[in-house]
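The exercises below are meant to be worked through with the sequence and the structure side by side. Try each task before reading the solution that follows.

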Amino acid sequence: MGRLGELEPVPRRSTVEIVSDELRSAIMYGALEPGAQLGEAELAARLGISRGPLREAMQRLVQEGLLLSEPHRGLFVISMDESDVEDVYLTRLAIERSACRLIMQRNRGEAVARLTEALEALIDAARERDRVAMSDADQAFHEVLVSSSGSPRLERMAHTLLVETRMCLNALQDKYPEPAELVEEHRRLVDAIGDGEEERLLQLIEEHMTDSIQRLRTS
């Protein structure tokens, strides 16, 4: 990064990158529902692009595991069954437990400051009882938690689960705990970091993930 006030080149993004992001977002927020078949002509028209960049973008999402290619049938948004959801949450647990351990070894004060800010966004969403905003804030809190570990590799691992995590959260919206309870779950995580209680923190993050799995099982 240059000196303050110094102009720097603006990063250029290809059409394929932009379309890939649009498709990920549509899958993440349910505009393209699980199991939906993607019509190439219709999508190209909606996005105002030619089919070439769209095909390349869709192949990227196939490689990422978000689209499923079925011979002689086409491309479909993945559907997540109970075992898929459990796998996502257990993988997140492995990542976030490691992040928690690193946070406790490093700058807990910085982590608490960043997580407190993320918690405030969750509190605001809970106050409005806005389920979509609560899901957004919930996911953002956990992204900050992993980022606060200082490990770029853990961040990359967590990022690969971003869309699937959001699909799980969409499925969980009707099974979410009461807003005050959700806020309290996350507040306890911040408090454990602030108090330097590593074992309690690890127990809380495990309960948080396993409770989510259990809620989805009963949906």
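**Exercise 1.** In which helix is Met 167 found? Then describe the surroundings of Met 167.

*Solution.* Before starting, note that this is a predicted model, in which local features need pLDDT of at least 70 and side-chain atom pairs count only at pLDDT 80 or more, while totals for chains, interfaces and linings use all residues. Residues are numbered from 1 along each chain as its sequence is written, and side-chain values use heavy atoms, with hydrogens and water left out.

Step 1: Met 167 is found in helix α8, which covers residues 162–172; helices (H or I, at least four residues) and strands (E, at least two) are DSSP runs numbered from the N terminus.

Step 2: Met 167 counts as buried because its relative accessibility is 9%, where buried means under 20% relative accessible area, exposed over 50% and partly exposed in between, with a 1.4 Å probe and protein chains only.

Step 3: Leaving aside neighbours within four places in sequence, Met 167 is in contact with Ile 27, Met 28, Pro 34, Ile 78 and Met 80, contact meaning heavy atoms within 4.5 Å. One of these, Met 28, is 139 residues away from Met 167 along the chain, yet the C-alpha atoms of the two are separated by 5.7 Å.

**Exercise 2.** How many helices and strands are there in the chain, and what pattern do they follow along the sequence?

*Solution.* Step 1: The chain has 10 helices and three strands, and reading along the sequence gives the pattern α-β-α-α-β-β-α-α-α-α-α-α-α.

Step 1: Along the principal axes, the C-alpha atoms fill a box of roughly 55 × 55 × 30 Å, and of the 219 residues in the chain 41% are buried.

**Exercise 3.** At what angle do helix α4 and helix α6 pack, and at what angle do α6 and helix α9?

*Solution.* Step 1: Two packed helices are described by the angle between their axes and the distance between the axes. The axes are lines fitted to C-alpha atoms, for helices over the stretch in contact, and the angles run from 0 to 180 degrees between N-to-C directions.

Step 1: Helix α4 (residues 82–105) packs against helix α6 (residues 131–147) at an angle of about 50°, with the axes 8 Å apart. That makes α4 oblique to α6, since angles under 35 degrees count as roughly parallel, over 145 as roughly antiparallel, 65 to 115 as roughly perpendicular and the rest as oblique. On the α4 side the contact is made by Arg 92, Ile 95, Glu 96, Ala 99, Cys 100 and Ile 103, and on the α6 side by His 142, Leu 145 and Val 146.

Step 2: For α6 and helix α9 (residues 179–194), the angle is about 10° and the axes are 12 Å apart, and the two helices are therefore roughly parallel to each other. Among the residues that meet here are Phe 141, His 142 and Leu 145 in α6, and Leu 182, His 186 and Leu 189 in α9.

**Exercise 4.** Is Cys 100 buried or exposed, and which residues is Cys 100 in contact with?

*Solution.* Step 1: Cys 100 lies in helix α4 and is buried, with a relative accessible area of 0%.

Step 1: When neighbours within four places in sequence are left aside, the contacts of Cys 100 are Leu 145, Leu 201 and Leu 202. Ile 193 is 93 residues away from Cys 100 along the chain, and their C-alpha atoms are separated by 8.3 Å.

**Exercise 5.** Where are His 72 and Arg 129, which have a positive phi without being glycine, found in the chain?

*Solution.* Step 1: His 72, with phi near 65°, is found in the loop between β2 (67–70) and β3 (74–77), and His 72 counts as exposed at 87% relative accessibility.

Step 1: Arg 129, with a phi of about 55°, has its place in the loop between α5 (108–128) and α6, and Arg 129 counts as exposed at 51% relative accessibility.
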